[in-house]
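Student: Could we go through this one together? I'd like to start with the helix packing and then move on to the ligand.

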Amino acid sequence: MSKAHFGLIGLGVMGENLVLNAERNGFSSVVYNRTFSKTEAFLHSRGSGRAITGAKDLRDFVDQLERPRRILMMVKAGQPTDAVISQISPFLEEGDLLIDGGNSLFTDTERRVAELEKKSFGYIGMGVSGGAKGALEGPSMMPGGTKTSYKAIEPLLRKMAAQVEDGPCVTYIGPGGSGHFVKTVHNGIEYGIEQILAESYDLMKRVCGMQSEEIADVMAYWNGTEELGSYLVEITEACMRVKDPLDSTHVVEKIMDKAGQKGTGLWTVISALELGASVPTIYASLNARVMSSMKTQRIQAESILKKIDIKHLDFGNTSDGMKPLMDAVVLATIASYAQGMELMRRASSEYNYKLHMPSIAQIWKGGCIIRSSLLRRIQDAYNLDPQLSNLLIDPWFAEQVIRRLPGLAKVVSGAAQVGVPVPCLSSTLDYINSYRTARLPQNLVQAMRDCFGSHTYERVDKEGVFHTEWI
Ligand code: NAP
């Protein structure tokens, strides 16, 4: 019997769809799942009639693969990934390649790359984005590790990836855990944009008194623009329209207002703090999820701290896409990307990842959750200036900031007056206003630090380090 080209471990939502994608692209496959009944169920359903076989144990799995073996793991991140690596390692031989496509912490990937490359196995830590549909039809993939290992899997990945006008949505990201780092930042940006759209929905509903269908119409308008045309705006429109067949009311209004988070948003913020990158919009989105999960406390506080009595405000018309609100959403979305790109730039220099920013923007243009028409502008901005310190000062983005800032300020101040929380929009306003202020009040902070702790300070009028006896 001829050996299979490709092996997949982990028949969860992602694994199942990715192996169907590989097989469709001409790579016969063998699958293994810890719980064998899932393998059997898959082979009798979506996997039937295809060049896909199953293995009951890892020895059989490895034996069914041609050499050098190419194995993709799609299992839960953390301990389960380590468990699978240690279970399969005894069966691997020199030159075999193991790819972790899960959402692993990039420092775990650094460790695994070092350990496995020592044993002469190739190891790739690869971020995959696109959800179930993307995995099947073409995801965006962010592989990191040694270049030689990447080359061994490149033909397969290029065929499996989403395709955009300038090529497949996969590229070699860089060494070590860089692929998982870039995927983490992708998810941080995703957190930001989701929260921004949730805030705009809240404003349209509670402050502008709009119905679900009207809000959906605004989303459809936004999705037709260059600045906001994106997968996330598209699915927001869909989420606003779907009705419960039982009573014809909108499903979204029946969903509990508690948002979960699995780690990548938190890791983005931790990395940003460690690397000294300013990511307030992304941080605000993470904190909004944390606050949302405090449902019991919020119910109690609403009665003690006085329920907000909303007054209606005018944020424009549906026909012009709620202009000031659109300004606010565009700038907060741009800020999310700008903060993510800035974080990657710092990580690239700190960890020597040598990230190529235009290529990262390119592979995010299709397949992934944050795909949007803005990414072409981001790609152009970094092609124009590979050393760009912040997206906001690229000419195209700077014009957006200058033109749309009054709209953002109007929405944030209006929301503040009526008491509706807009954490991402207000953080964005502070972010942009801070970034465009040459002199911030941290001179006083430095004075206080020197006063209580003799931390010393620098001066604007002469070189050196100074200390003053303040009291
Ligand atoms: P998942 O629910 O995260 O993982 C399910 C798979 O992991 C199953 O095959 C399960 O096997 C296996 N597994 C769990 N613990 C294991 C252990 N200790 N040893 C061996 N196998 C173990 O499935 P998923 O949503 O498809 O995600 C897979 C990976 O992709 C995760 O790292 C996830 O974060 C990442 N990811 C997910 C998405 C998404 O949209 N869902 C997108 C991008 C990346 P059993 O059947 O035996 O339990």
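Student: How do α8 and helix α10 cross, and how close do their axes come?

Tutor: The axes of α8 and helix α10 (residues 231–241) come within 11 Å and cross at roughly 40°, which makes α8 oblique to α10. Here axes are lines fitted to C-alpha atoms, for helices over the stretch in contact, with angles running from 0 to 180 degrees between N-to-C directions. Angles under 35 degrees count as roughly parallel, over 145 as roughly antiparallel, 65 to 115 as roughly perpendicular and the rest as oblique. Helices (H or I, at least four residues) and strands (E, at least two) are DSSP runs, numbered from the N terminus.

Student: Before we go on, what sort of model is this, and which confidence limits apply?

Tutor: This is a predicted model, in which local features need pLDDT of at least 70 and side-chain atom pairs count only at pLDDT 80 or more, whereas totals for chains, interfaces and linings use all residues. Residues are numbered from 1 along each chain as its sequence is written, and side-chain values use heavy atoms, with hydrogens and water left out.

Student: Back to α8, then: at what angle does it pack with α14?

Tutor: Helix α8 (residues 178–207) and α14 pack at about 165° with their axes 10 Å apart, so α8 is roughly antiparallel to α14. Their crossing is right-handed, meaning that the near helix is turned clockwise from the far one by less than a right angle.

Student: And how does α14 pack with α16?

Tutor: Helix α14 (residues 323–350) and helix α16 (residues 374–384) have axes 12 Å apart and an angle of about 45°, which makes α14 oblique to α16.

Student: On to the ligand: how many residues surround it, and which are closest?

Tutor: The ligand is surrounded by 20 residues, the closest being Met 14, Asn 33, Arg 34, Thr 35 and Lys 38; a residue counts as near if one of its heavy atoms lies within 4 Å. Helices α1 (13–24) and α4 (79–88) each supply at least two residues of that shell.

Student: Which side chains have a polar atom by a ligand oxygen?

Tutor: Among them are Thr 35, with a polar side-chain atom 2.5 Å from an oxygen atom of the ligand, and Lys 76, where the corresponding distance is 3.3 Å. The protein covers 80% of the 880 Å² of accessible area that the ligand has on its own, as computed by the Shrake-Rupley method with a 1.4 Å probe.

Student: Last topic: where is the cis peptide bond?

Tutor: A cis peptide bond joins Arg 67 and Pro 68, with omega about -10°, and Pro 68 lies in the loop between α3 (58–63) and β4 (70–73).

Technical notes
A polar contact is a pair of N or O atoms within 3.5 Å; within protein, one must be able to donate a hydrogen and the other to accept it, and residues adjacent in sequence count only if both atoms are side-chain atoms.
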